[in-house]
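Let's take a walk through this model together.

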Amino acid sequence: MFKKLLVLVLALSVMSVYSQDGAHLCSQSKIERFLRLQKISEINYPGDSKIDVTYYKLDLKITYAPNYLSGNVTVNAKVDSSSINTVYLDLTTVLTVDSVLLFGSSTSFTHLDNKITIALDRNYSLGEALSLQIFYQGVPPRTGFGSFTFDQHNGQPIICSLSEPYGTKDWWPCKDTPADKPDSADIWITVDTSLIPVSNGKLIEIVNNGDGTHTYKWKSSYPIAQYLISLAISNYVEYVNYYVHSPTDSMPITNYIYPESFTTAKPQVDKTPLMISIFAEHYGEYPFLDEKYGHAQFSWSGGMEHQTISSMGAWYDGIIAHELAHMWYGDLITCKDWHHIWLNEGFATFSESLYLEATQGSTAYNNEINKRMDNAKIAVGSIYVQDITDFWEIFNYARSYAKGAVVLHMLRGIVGDETFYNILRTYSYHPSVAYGVAITEDFQAIAESIYGSSLDYFFQEWIYGENFPQYTIIWNKYDLGSNHWNLSLRIIQQVNTNPSFFTMPVQIKINCAVGDTLVTLFNNVQSQNFDITIEGEPLSISFDPSNKILDTVLAIVHGVVGDINLNTFSLEQNYPNPFNPTTKIRYNIPFVEMVPLKFSKVTLNVYDILGNEVATLVNEEKLPGIYEVEFNAERLGSGVYFYILRAGNYTSTKKMVLIK
Ligand SMILES: [Zn+2]
């Protein structure tokens with residue numbers, strides 16, 4: 001799913017809504033409409049674990065005037081328990097169940113708390129088949145992002161579904177969990193002949209019923225998660241282009257577009273074949289090649305990756321690429337439960353950057369990743385979603401989308417491009433997950449098997465941990481003779497909550513007179529020393545120069561490594577001293593009492609010999625770290641000056657001499 005409205009920030013009763021690109025502000029009415037959507041609290045999830053669904057058939061009749069749905073759903077399943085005499089399906093009690101058939105014979109049922117509990121005619125044992133048919137009707141409620149919507153565009157009806165995460169049961173009886181995919185599904189939709197009903201898979205047949213209605217019979221022959229079964233019904237213009245996947249064969253990309261949007265949408269959907277080629281090259285072939293890909297315009301402002309037919313509320317490159325990428329990550333492999341939604345959304349968000357890289361080059365990729373890093377830095381909590389009863393938690397943009405995408409970028413940085421895409425291609429079609437479901441550990445195991453080494457530190461800290469590393473680097477150099485130098489480095493991380501610090505390979509670029517040297521260090525201690533011998537005198541260093549890590553570099557200090565006490569406040573002697581007219585003053589805000597991360601109010605002022613304040617060098621809240629400020633005394637006369645550091649209860653005074 002691609003959300004147009006992504007992060008709600010409420011502060012001092014000022015509300016801002018950030019879109020995908022972090023810049024666009026949405027109108028107040030949209031915000032209100034979004035906030036009005038009902039918050040869901042789940043009681044049934046994860047569905048009846050005693051059955052394994054093998055097939056769904058939806059046979060629905062839908063009218064716009066009045067807004068109404070009636071129909072029947074067939075559920076075939078196998079018993080996945082030693083012995084049962086009841087089963088349940090999930091369906092909102094807003095809808096009315098008229099009857100339930102078991103193998104074609106009427107059976108008794110109750111419909112309470114959004115569950116249809118069905119009596120079986122005897123005890124059924126492990127592996128036995130069940131076939132149920134539920135007849136029901138009513139006006140589906142609209143929950144979540146708009147599980148079932150009757151709306152209008154340009155005076156014409158648009159009826160559409162967006163079931164993720166818990167809205168499937170708002171319009172059809174199902175086992176409401178992504179963990180249990182049927183092997184196939186039929187979706188038959190009967191509507192007024194002025195409308196086209198669009199759904200998943202292949203269009204098998206259109207039947208004119210001779211009563212002003214027609215029935216479109218869609219069939220998904222691939223496994224499909226319940227929330228990816230969709231419908232979109234409107235007065236569409238149908239436009240087909242093709243993905244040529246071999247010299248002799250192609251797959252249709254079928255687009256259903258509002259007539260008034262066609263001119264805008266056409267040049268955009270014409271980019272889809274190229275996008276499919278790019279993703280197929282990096283992720284493996286398009287997963288539903290025997291059916292189709294396509295887009296169906298709908299009334300929500302974002303997009304939704306319904307299998308083989310994404311529902312679209314906008315037509316820009318990012319959203320088209322995002323929903324398409326979900327065909328691999330979301331649809332081919334579906335997160336087993338919503339705790340692991342980053343396996344859908346992080347991957348689809350990363351794919352937006354990949355599309356930019358493939359079409360515009362690495363600068364475009366890096367710019368996009370930088371934006372996702374900015375989003376990811378405001379993430380609160382772990383990427384693994386702790387509270388899946390609240391869809392705001394599941395679809396938190398900073399965590400599930402942006403930080404999830406950055407995790408893939410960081411994995412790419414660790415293992416290198418070739419291994420990274422080998423991991424993704426292997427994951428896509430690995431028999432343990434392809435056309436099935438996955439959790440983080442499935443992806444991790446495949447990544448490790450291709451990489452050939454454990455990545456447990458990486459997944460533990462980035463998926464189950466929170467925040468990101470904040471580094472201070474102190475460095476010094478020693479002449480070893482014969483143009484060889486020792487570079488001594490200390491990498492210090494601020495204390496984090498979980499993990500307390502981040503283990504990561506880090507890159508340091510050493511700028512020497514003779515050229516640059518790039519070294520990778522495995523940083524696995526909170527405050528860690530490294531000694532590197534290099535040719536040529538090091539002049540300066542940069543940390544993580546290629547932006548491979550979601551991090552903040554607090555300071556890079558050229559100083560005596562290990563000389564500064566990191567456990568207490570300190571104010572160093574300025575250097576040079578005496579000076580004219582500039583000098584540098586270094587001070588340390590200690591790492592003690594760092595859990596949780598604390599700021600200290602710090603001031604650093606300069607006084608003349610009479611006690612008159614002549615300069616304020618620092619007056620702000622500071623995180624622990626080593627800092628250096630420059631003092632420019634251009635406008636002052638020669639003489640003795642004092643500088644005083646005040647931070648909390650700590651005060652320190654030092655003397656310096658200006659000689660002009
Ligand atoms: Zn998405």
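Start at I233: leaving out neighbours within four places in sequence, I233 is in contact with I62, I159, C160, I189, V191, L195, I196 and P197. Contact here means that the C-beta atoms of two residues, placed from the backbone, lie within 7 Å. Two housekeeping points before going further. Numbering runs from 1 along each chain as its sequence is written. The model is predicted, so local features need pLDDT of at least 70 and side-chain atom pairs count only at pLDDT 80 or more, while totals for chains, interfaces and linings use all residues.

Now back to I233 and its surroundings. Together with I189 and V406, I233 touches the most other members of the largest nonpolar core, which has 153 residues. The biggest contribution to this core comes from α8, with 11 residues. Apart from it lies another core of 16 residues, including I585, V606, A633 and Y643. A nonpolar core is a set of buried Ala, Val, Leu, Ile, Met, Phe, Trp, Tyr and Cys residues joined through C-beta atoms within 7 Å. A residue counts as buried if 20 or more other C-beta atoms lie within 10 Å of its own, exposed if 12 or fewer, and partly exposed in between, with C-beta atoms placed from the backbone. In soluble globular proteins, nonpolar side chains tend to be buried together.

Zooming out, the protein has 660 residues, and 42% of them are buried. Its secondary structure comes to 11 helices and 38 strands; these are DSSP runs (H or I of at least four residues for helices, E of at least two for strands), numbered from the N terminus. Among contacts between residues at least 6 apart in sequence, 65% join residues at least 24 apart. How confident is the predictor? The mean pLDDT is 90, and 90% of the residues reach 70 or more; pLDDT is the predictor's confidence in each residue, from 0 to 100. Residues 5-44 fall below 50, and this stretch has 46 contacts in the model beyond near neighbours in sequence. Over residues 593-597 pLDDT also stays under 50, and there the model has 9 contacts beyond four places in sequence.

On to the helices. Helix α9 spans residues 417-428, and its 12 residues reach 17 Å from first C-alpha to last, close to the 16 Å expected at 1.5 Å a residue (that expectation is 1.5 Å times one less than the number of residues). Which residues of α9 are buried? They are F420, I423, L424, Y427 and S428. These residues cover an arc of only 130° around the axis, so they sit on the same side of α9; the arc is that of the directions from the helix axis to the C-beta atoms. An α-helix has 3.6 residues a turn, so residues three or four places apart point the same way. The partners that the buried residues of α9 pack against are α3 (272-283), β23 (333-335), α8 (397-415) and α10 (440-451).

Helix α4 (residues 317-325) is mostly covered, with 7 of its 9 residues buried. Those residues are I319, I320, A321, H322, E323, L324 and A325, and they pack against α2 (262-269), α3, β21 (303-304), β22 (310-312) and α5 (342-360).

Strands β21 and β22 run antiparallel, joined by 2 bridges, and G303 stands opposite M312 in β22. In β19 (residues 249-257) you'll find S250, which is partly exposed, with 14 other C-beta atoms within 10 Å.

Most residues other than glycine have a negative phi, and most peptide bonds are trans. The N498 to P499 bond is cis, with omega near -5°, and P499 is in the loop between β26 (484-493) and β27 (504-512). The bond from N577 to P578 is cis too, with omega near 0°. D113, not a glycine, has a positive phi of about 50°, and is exposed, with 11 other C-beta atoms within 10 Å.

Conventions:
Pairing = 2+ DSSP bridges.
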